[in-house]
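Welcome! Please take a first look at the model below, and then let us walk through it together.

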Amino acid sequence: MEIDAELQNLINEYVKQIESKEEDLVGLKRNIDGITSVAKQELKQAISELDKKFDANEISEEGYLVKLRAEKENILNKTKEKLDAFLAQYEKIYSALDL
Amino acid sequence: MKPMEAFKKVGDVVVKAGDKAMKAREARGRSPAFQAEMARENAEFMKVLGDLGSNTFDAGVGIVLKTPTILFLNALKTMYSKKYSAKDFGKDAFKLFLGKDGIAHRTIKVAANAVHLAGQGAKIGVRQLFKV
């Protein structure tokens, strides 16, 4: 499809702007991945502790699942709070720099 | 008690505890309902976590690209109003950019997808996404 040259220039300029922010975007992704991987690690730890209790016959299957669900919800809520706080801080920095 | 006897006694206790733990694990492994529920819980956790990450990333991209996107959209609108009549709006290129499902209305999403697709360290392939 043919695109008007002026429109193409405008797009090229916008693309250039996006590319100039590449480092920021990659950094943003890395930070978010870091927060979510901590959550994965926390769940793994919780499962390992529940396994130990289960192996020692301290909890039943039902008790295991109840505790796992509670732990899961707790981790997800904490992660959401962390991500929200990160985003708020990010927005504050960007607004201050007026980028 | 002789030292060897004491060691043997401790060893027996450890082996017994290990057997008990293994039996408990096997019992859990034999419960298909429990296994299915664990898999479901894990999958749900990963899905919610993935959604939280994606939503935060999209919002972050919006913050990073706010200024260039506003400038781009304003320039696009100005260009359209100066250069094209309502009749010209029907042209495919403009439908693509300014139509209700056009790229101009989802530039942030396009940019976010570009970063997701390119991955860390790779050059953003956003120019490719704008190619028509």
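In what order do the elements of chain A run from the N terminus on? They run α-α-α. Helices (H or I, at least four residues) and strands (E, at least two) are DSSP runs, numbered from the N terminus.

A word on the ground rules: this is a predicted model, in which local features need pLDDT of at least 70 and side-chain atom pairs count only at pLDDT 80 or more, while totals for chains, interfaces and linings use all residues. Residues are numbered from 1 along each chain as its sequence is written, and chains are lettered from A and ligands numbered from 1 in the order in which they are written.

Here are the two chains side by side. A residue is buried if 20 or more other C-beta atoms lie within 10 Å of its own, with C-beta atoms placed from the backbone.

Let us now turn to a pair of helices in chain A. The axes of α2(A) and α3(A), which are lines fitted to C-alpha atoms over the stretch in contact, come within 10 Å and cross at roughly 160°. The angle runs from 0 to 180 degrees between N-to-C directions. That makes α2(A) roughly antiparallel to α3(A), a label for angles over 145 degrees. Residues in contact have C-beta atoms, placed from the backbone, within 7 Å; among those making this contact are A:I35, A:L43 and A:F54 of α2(A) and A:L68, A:I75 and A:F86 of α3(A).

Next comes the largest nonpolar core, which has 21 residues. A nonpolar core is a set of buried Ala, Val, Leu, Ile, Met, Phe, Trp, Tyr and Cys residues joined through C-beta atoms within 7 Å. A:Y14, A:L28, B:V61 and B:V64 touch the most other members. At least two residues of this core are supplied by each of α1 (5-20), α2 (22-55) and α3 (61-97) of chain A and α2 (32-64) and α3 (66-83) of chain B. The largest share, six residues, comes from α2(B).

Buried residues in α2(B) include B:F45, B:L49, B:F57 and B:V64. Its 33 residues should span 48 Å at 1.5 Å a residue, and the end C-alpha atoms are 47 Å apart, which agrees; the expected span is 1.5 Å times one less than the number of residues.

Definitions and conventions:
Buried ≥ 20, exposed ≤ 12 C-beta atoms within 10 Å, placed from the backbone. Parallel < 35°, antiparallel > 145°, perpendicular 65-115°, else oblique. Contact = placed C-beta atoms within 7 Å.
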